[in-house]
Structures are given as C-alpha cells and as structure tokens.
Amino acid sequence: MTISTTKAIPVVGAIPRHVAIIMDGNGRWATKRHLPRTAGHAKGVRAVRRAVEACGQAGVEYLTLFAFSSENWRRPAEEVSLLMRLFMQALEREVDKLQEQGVRLRIVGDISPFDPKLRALIDAAQARTAHNDKLTLTVAANYGGRWDILQATQKLLAESGRNPAQPLSEDDISRHLCMAWAPEPDLFIRTGGEQRISNFLIWQLAYTELYFTDQYWPDFDRASLEQAFHWYATRERRFGRTSAQLAETGAKQP
C-alpha cells in the first residue's frame with residue numbers, strides 16, 4: 001500500500017508517475033460532425049491506444065482511465081449497450097498489443113452487473129498481462145469515488161478481530177480502496193471542457209494537479225499529452241509547505 005500524500009511527501013519529477021484521465025467529449029465530438037454519438041465513442045478507443053503508447057514511451061508508470069462511471073447507467077440504453085460492446089471489442093483486440101508493450105491491465109469498479117462474457121474477458125485480460133511491469137493501465141468501469149470509499153469502509157468494518165471502539169485512521173481506509181496498490185495520481189486530465197472531477201478517485205485526487213482542456217477526447221493525441229506534461233512541469237508541488245520551505249530544503253519540483 002502506498003502512503004497518502006496528506007501524510008507523506010512523495011518524490012516528484014518532470015514526468016508524472018501516475019496520470020488519471022476523464023475521457024470526456026466523445027458524444028459531442030460526434031454531434032458536432034453530424035454523426036451518431038456512438039461514432040464518437042468508437043473514435044475515442046483510438047485515442048486510448050495513443051495515450052497508452054505515449055505514456056509508456058514517456059516513462060509514466062501508471063495510467064488510469066475513467067471509462068464508465070456508476071452514473072453512466074443513466075444514459076440512453078442504446079449508448080450504454082454500445083459502450084459495453086466497445087469494451088468487449090477492446091479487450092479482445094488490444095490485449096495482444098498490451099502484452100507486446102509490457103502493459104499490465106487492471107480493471108477497478110463494480111463489474112458484477114456486467115454480462116458474464118464481459119466479466120470473463122476482463123478476468124482473462126488481467127491474468128494474461130499480470131506479469132507486465134512497464135506501465136500499469138487501469139480502467140475504471142462502473143466505478144464511482146463515493147462507492148469506492150463506501151466499499152473500503154465496509155471491508156474494514158468486516159475485518160475479523162477489529163475492535164469496534166478503535167478510531168478509524170486514514171491508512172485504514174486507504175488500504176481497502178480499489179487502487180491501494182498504486183501511488184496517488186500526480187496529474188489529472190479532463191478533456192471536453194468540463195471542469196470537475198465527477199466522482200472519479202475523489203479520495204486519491206486530494207493533492208493531484210488538475211488539468212482541463214476544451215479538446216474532445218477523440219482529438220486528444222500525443223501532442224496534447226505533451227502539452228499537459230509541459231503544464232505539469234511548471235507546477236510547484238508544495239503538499240502543504242510554502243515556496244520558501246521548498247527553496248530551503250532544495251526539494252526538487254517538476
């Protein structure tokens with residue numbers, strides 16, 4: 001389990017160790033071109049491929065993508081069905097490439113409502129790439145930040161031998177979160193012009209640098225990612241300290 005950034009100061013560099021992305025704007029990209037929204041989602045899969053390749057080559061260790069939120073079930077049934085099909089197709093078509101690139105795939109979220117075939121593909125893809133260590137690609141599917149904290153709390157309370165009167169600590173919750181094995185994100189990117197985190201990793205994003213762009217996800221390419229990294233490199237990551245303290249300690253910034 002990694003230590004929370006509210007309790008310890010992580011080592012930072014010019015390239016973020018962990019990048020988290022909300023891939024927004026697929027539907028609007030399609031509507032702007034007088035295409036069905038589903039066409040935008042299909043185009044967005046190509047942008048995922050570009051992001052994975054670019055992050056791997058840049059030295060990013062963890063890439064986390066918000067593919068389907070727990071609130072996305074509210075979308076039209078046809079669109080939800082298309083998203084599920086695209087998810088299955090991506091698992092079937094992309095795992096070989098992930099394996100070649102040394103990318104480990106992990107899925108986080110409540111996948112119990114998914115079709116059994118999709119759940120089987122998820123299990124097989126995770127097992128096949130489990131030993132890869134160049135980049136960990138995490139896909140958040142039927143995930144919500146509040147759900148994550150709730151399920152972590154439920155696991156904690158269900159632990160045998162725990163004294164009910166013992167106060168809870170931050171570490172108690174952290175070790176049961178879906179991504180307890182990964183460092184907290186250094187850089188959060190949201191495409192599509194919206195400026196909110198939308199129930200994504202709400203515990204883990206406490207000290208993450210937040211980058212928003214009007215660019216729709218299907219248009220987000222290597223140059224777009226490099227621009228986000230350049231912005232990140234200009235940030236002074238203080239983690240509660242002052243600029244003067246950073247100067248005194250000689251702490252390295254991005």
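Reader: Is glutamate 61 buried, partly exposed or exposed?

Author: Buried means under 20% relative accessible area, exposed means over 50%, and partly exposed lies in between (1.4 Å probe, protein chains only). Glutamate 61 has 36% relative accessibility, so it counts as partly exposed. This is a predicted model, in which local features need pLDDT of at least 70 and side-chain atom pairs count only at pLDDT 80 or more, while totals for chains, interfaces and linings use all residues. Residues are numbered from 1 along each chain as its sequence is written, and side-chain values use heavy atoms, with hydrogens and water left out.

Reader: With which residue does glutamate 61 form a salt bridge?

Author: Side chains of opposite charge can pair when their charged atoms come close. A salt bridge is a side-chain nitrogen of Lys or Arg within 4 Å of a carboxyl oxygen of Asp or Glu. Here the partner of glutamate 61 is arginine 17, with the closest N and O atoms 3.1 Å apart. The pair links distant parts of the chain, 44 residues apart: glutamate 61 is in the loop between helix H2 (37–58) and strand E2 (62–69), and arginine 17 is in the segment before strand E1 (18–22). Helices (H or I, at least four residues) and strands (E, at least two) are DSSP runs, numbered from the N terminus. Arginine 17 is partly exposed, at 38%.

Reader: How many salt bridges does the structure hold?

Author: The structure holds twelve. One of them joins arginine 37 to glutamate 79, at 2.9 Å between the closest N and O atoms. Because arginine 37 lies in helix H2 and glutamate 79 in helix H3 (residues 77–101), this pair ties together parts that are 42 residues apart in sequence. Arginine 37 is partly exposed at 34%, whereas glutamate 79 is buried at 6%.

Reader: Which side chain meets arginine 49 in a salt bridge?

Author: That of glutamate 94, at 2.7 Å from N to O. Arginine 49 is in helix H2 and glutamate 94 in helix H3, so the pair ties together parts 45 residues apart in sequence.

Reader: How many disulfides does the structure hold?

Author: A disulfide is a covalent bond between the sulfur atoms of two cysteines. The criterion is a pair of cysteine sulfur atoms within 2.5 Å. The structure holds zero disulfides. Cysteine 55 is buried, at 0% relative accessibility, and cysteine 178 is buried at 18%.
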